[in-house]
Amino acid sequence: SDEGYEAWLRFDPLAKSELEVYTDWCSEIILSEQSVILQAARAELIRGIASMLGRKPMVKAKPSKPRYLFVGTLDCAELEGLIDKKTRESLQEEGYLIKTVENPEGSCIVLTGQTDKGVLYAAFHFLRLLQTGQSLNGLSIKETPRNRLRMINQWDNMDGSIERGYAGKSIFYKNNKIVTNVKRIQDYARMMASVGLNAIAINNVNVHDVETKLITSELLPYVARVADIFRAYGITLYLSINFASPIQIGGLQTADPLDPLVKQWWADKASEVYRHIPDFGGFLVKADSEYRPGPFTYGRDHADGANMLADALEAFGGLVIWRCFVYNCQQDWRDRSTDRARAAYDHFCPLDGRFCDNVILQIKNGPMDFQVREPVSPLFGGLRHTNQLLELQITQEYTGQQRHLCYLVPQWKEIIGFDTHASGEDSTVARIVEGSIHGRPYGGFAAVSNIGDDTNWTGHLLAQANFYGYGRLAWNPELSSEQITEDWVRLTFGNDKTVMETISRMLLDSRTIYENYTSPLGIGWMVNPGHHYGPNVDGYEYSKWGTYHFADLLGIGVDRTESTGTGYTGQYHDIPSARYESLHTCPDELLLFFHHVPYTHKLHSGKTVIQHIYDSHFEGVEQAGELMQSWASLKGKVDDTRFTHVLSRLEEQVRHAKEWRDMINTYFYRKSGIPDERNRTIY
Ligand code: GCW
C-alpha cells in the first residue's frame, strides 16, 4: 500500500510519450571516479532511472552508445573538451552543472560539480527533470547554493521522544540508545540531499542528562556511525551540547567559560570528538534560555561562552552555532515594561563584533516564537559584524501540529524577503544571512525538522511539502513559492494537471486559512499552554512567559511603539521602524503585534478590528471546508491510501477550525459586547 514513505523520491513510472527519449539518454551512465558520495549519486541515478523508465541503466567507464549520461567531478580528465574552462572556473564549491553536449561522435548529458557533492546534487536535479517531464535537449543548468549552511535541527531526545514532534517517535534513538537499524536515517539523508541540505544537528537543543553524554567516548563511536551515513550524502553532523558538560560529565566544579580548566576541558573534548568524526561540524548551543545552563551563571556573557567553545573547535575547522532565543521566561504578567519581543536584540546587539569568526548566531525568524504571523526579528538588521543563521520551524508547533494543513513556504518567503534596510534598500534577510551584505564568512538557514518515524515521515502527508520547500529555499531563497510547490506536487503526485493545480492551490492558500481561524492580526498565542494545540485565548495571559494580548472590554493588542509602548519598534532601522510605529502605516496583519487599539479601530481594509475578527473566523472555517472539498474532488486521481489519509486529516482540521472560530468569536463578543454586523451565530 502507498503510505508515502518514498516522499518526493517516489520516481513513479513515466508516461509512454516520455519513455523513448529519456531511455535514449539514460540507459548508459559513464562514471569512473570513486568516492562514497559518488557511490550515492550512482545509486540514486540507477534507482530513480530504473524506477521511472522500467530499465536499469548500465554503468561503464567508456561509452558504447551514441547517447549517454556523463557523471563526474570537474577534475575528471574526460571532462576536458566537454566543459569549457570558463564554465569550469565559475562553478563554486557545492555548485553543479547539467549540460547537454551534442557531438557528431556521441552526445551526452554531463552531470558535474566542483566536488562530488555537487555531482550528487546534479544527479538529484536531473532525476527531478525526468520526474517532472522536462525536455533534455540543450540543457544548460548551472546552480550554486546561495547559503553555505543549509541545516536541519532535530529536536530528538534519546528516549525516542521528539520535542514538538508530530510524526511519531525519533528515527535516531530508542530506549536511550542510538538505533542500530539505520535504514530510515539513510533514507532521511537521501531526502535531505535531494533538496540540497548539507548539515544536521541530531539531538534536541534542550540537552538532558543522557544526551549530554553524546560527546563521551562511550557514545561517540555510535554518533560516528550516524555521521558516516550522512557523510555519504554530503551532510555534516553537528551535536547540541550542554553548556554545563564540564561539570556534568567532566567532574569539574564549574563551567565558567573563562576558567582555564574549563577551556582545557573543552579543547580536549573537541579533539576527542574529531578523533571519532574527522569532519564533525560543530556544536549547537542553547544557553541561558528556558532554564538551560549558560555563561550568565558565572557573570559572563554570550560572547564569552560562544568564543570559548569556538576556540576549542577552531583547530579542527568546527563551528559554534549559538542560539539567540534568550529571554526572561519568569516574567510577571503584571509587569508591563518587560517585552519579550525585545529580548534577542537587547541581549545580542551589544555583543556585535565580539564573536569569533567560527561562531554563528542562530536567530529565530520572529522576535517571539514561530507564530503563524510575526514581524521579522530586528536582530537580522542589527548585527553587522556577526555571522547569522536564520532559524525557521518546519515542525508545526504553533501552526496546526501537522493535523492542520499549513504550508509554510509563503510565510518563509515573506521573512527572507523582508527588507531590514541595514545597508540601504534591498538589505533583505536572505542577503544578510547568506553573508553578502556584511561580507561574513558563514551563514545560512537552519530549521527544526518535522519528521519522525511515522511511515510517511511527517504525520500529515502534505506536511512533507514543508520539508521539501525548506530545502529548496535554503539553496535558493529566490525561488517562488509557486515554483517550489509545483515541483513538489509533481514529484509526489505526478504530472496530472488537475491534481497539480488543485494541490498547489490548497497548499498556497493554507497558511492564510489557518491564520484566519486562529489568532488575529499578528497577536499570536491564544493556545493551550504546554502542548500548544487548540484555542485558549487566555491560556498564557496570566503566565510567566511574556506572551500577552491585553484584551479588555475596550480593546486589544500590545503597544510596542517608541512613543507610548515598550520601544520595540525602535529596534528596526528607520524605514521599517516608522512603518510599524505609526497606526497609519502599520500593516493590518501585524496591527495587534505593535499597537493596542479599541475594537472599533478601523483597519486599512475598512473593517473594524472586531468585525475583522468575526469575519476572518467565519471565513477561515469556510475556507477549511473548501480545502476538504478540493481534496475530495481528487478521488480516483490520487491512490486510495494517500487520498483517505489526507481526507481524514482535513476533516479533523474543519472540526478543529470550528472550535477555534467559536472560542475566539465568543470570547471577543463577550469582552466587547459588540454584535456581529451580519448576525451570525456567536455563543
Ligand atoms: O518554541 C519553544 C518550544 C520549546 C523549544 C524552544 C526553543 C526546544 O516550545 O519546546 O525547545 O522554543 O526553541 O528552544
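## Loops, strands and spaces in a predicted model

Asp426 lies in the loop between α13 and α14 (429–433). Asp426 has a positive phi near 65 degrees, although the residue is not a glycine. Most residues other than glycine have a negative phi, and most peptide bonds are trans. Is Asp426 buried, exposed or partly exposed? With a relative accessible area of 42%, Asp426 counts as partly exposed, because that class lies between 20% and 50%.

A positive phi also occurs at Trp525, where the angle is about 55 degrees. Trp525 is placed in the loop between α17 (497–517) and β17 (555–556), and at 7% relative accessibility Trp525 is classed as buried. Trp525 is also a contact partner of two residues described below, Asp369 and Gln371.

### Residues marked in the record

In an unreviewed entry, UniProt places the feature "active site" at Glu290, Asp369 and Glu397. From this set, Glu290, Asp369 and Glu397 take part in the lining of the second largest pocket, which has a volume of about 360 Å³. That pocket is lined by 23 residues, and those closest to its centre are Glu163, Arg164, Lys286, Glu290 and Trp545.

Asp369 belongs to the loop between β14 (359–364) and α12 (379–382). Leaving aside residues up to four places away in sequence, Asp369 touches Phe325, Arg340, Lys364, Glu374, Tyr398 and Trp525. Gln371 sits in the loop between β14 and α12 as well, and its contacts, counted with residues up to four places away in sequence left out, are Tyr398, Gln411, Gly524 and Trp525.

Glu397 is found in the loop between β15 (387–393) and α13 (409–417). With residues up to four places away in sequence again left out, Glu397 touches Trp155, Arg164, Tyr166 and His532.

Rolling a probe the size of a water molecule over the atoms shows where empty space is left.

| Space | Volume | Lining residues by class |
|---|---|---|
| Largest pocket | about 670 Å³ | 13 nonpolar, nine polar, 10 charged |
| Second largest pocket | about 360 Å³ | eight nonpolar, five polar, 10 charged |
| Largest cavity | about 110 Å³ | nine nonpolar, two polar, two charged |

The largest pocket is lined by 32 residues, and Glu93, Glu94, Lys117, Arg148 and Asn198 are those nearest its centre. Two or more residues of this lining come from each of β7 (149–153) and β11 (236–241).

How many cavities of 30 Å³ or more does the structure hold? There are 12 cavities of that size. The largest cavity is lined by 13 residues, with Cys324, Phe325, Ala344, Pro367 and Met368 nearest its centre, and the elements giving two or more residues to its lining are α11 (343–348) and β14. Phe325, one of the residues nearest the centre of this cavity, is also a contact partner of Asp369.

### An enclosed strand

Why is strand β5 (residues 107–113) described as largely enclosed by the rest of the structure? Seven of its seven residues are buried, so β5 is largely enclosed. In a regular strand the side chains alternate between the two faces of the sheet. In β5, Ser107, Ile109, Leu111 and Gly113 point one way, while Cys108, Val110 and Thr112 point the other way, and all are buried.

Strand β3 (residues 67–73) runs parallel to β5 and is joined to it by seven bridges, with Thr73 having Gly113 as its bridge partner in β5. Strand β4 (residues 96–101) pairs with β5 in the antiparallel sense over six bridges, and Val101 stands opposite Cys108 in β5. A hairpin of five residues joins β4 to β5.

Methods: Residues numbered from 1 in each chain as written. Predicted model: local features only at pLDDT ≥ 70, side-chain atom pairs only at ≥ 80, totals over all residues. Heavy atoms only, no water. 1 Å grid on protein atoms, 1.4 Å probe; cavity = no way out; pocket = protein on both sides within 12 Å on 5 of 7 lines; lining within 4 Å. Points joined across faces, edges and corners; volume = space filled by probe spheres on them. Helix = DSSP H or I, 4+ residues; strand = E, 2+ residues; numbered from the N terminus. Nonpolar A, V, L, I, M, F, W, Y, C, P; charged D, E, K, R; others polar. UniProt positions renumbered as here; feature names shortened; annotations may be inferred. Contact = heavy atoms within 4.5 Å. Buried < 20%, exposed > 50% of the residue type's maximum accessible area, 1.4 Å probe, protein only. Pairing = 2+ DSSP bridges.
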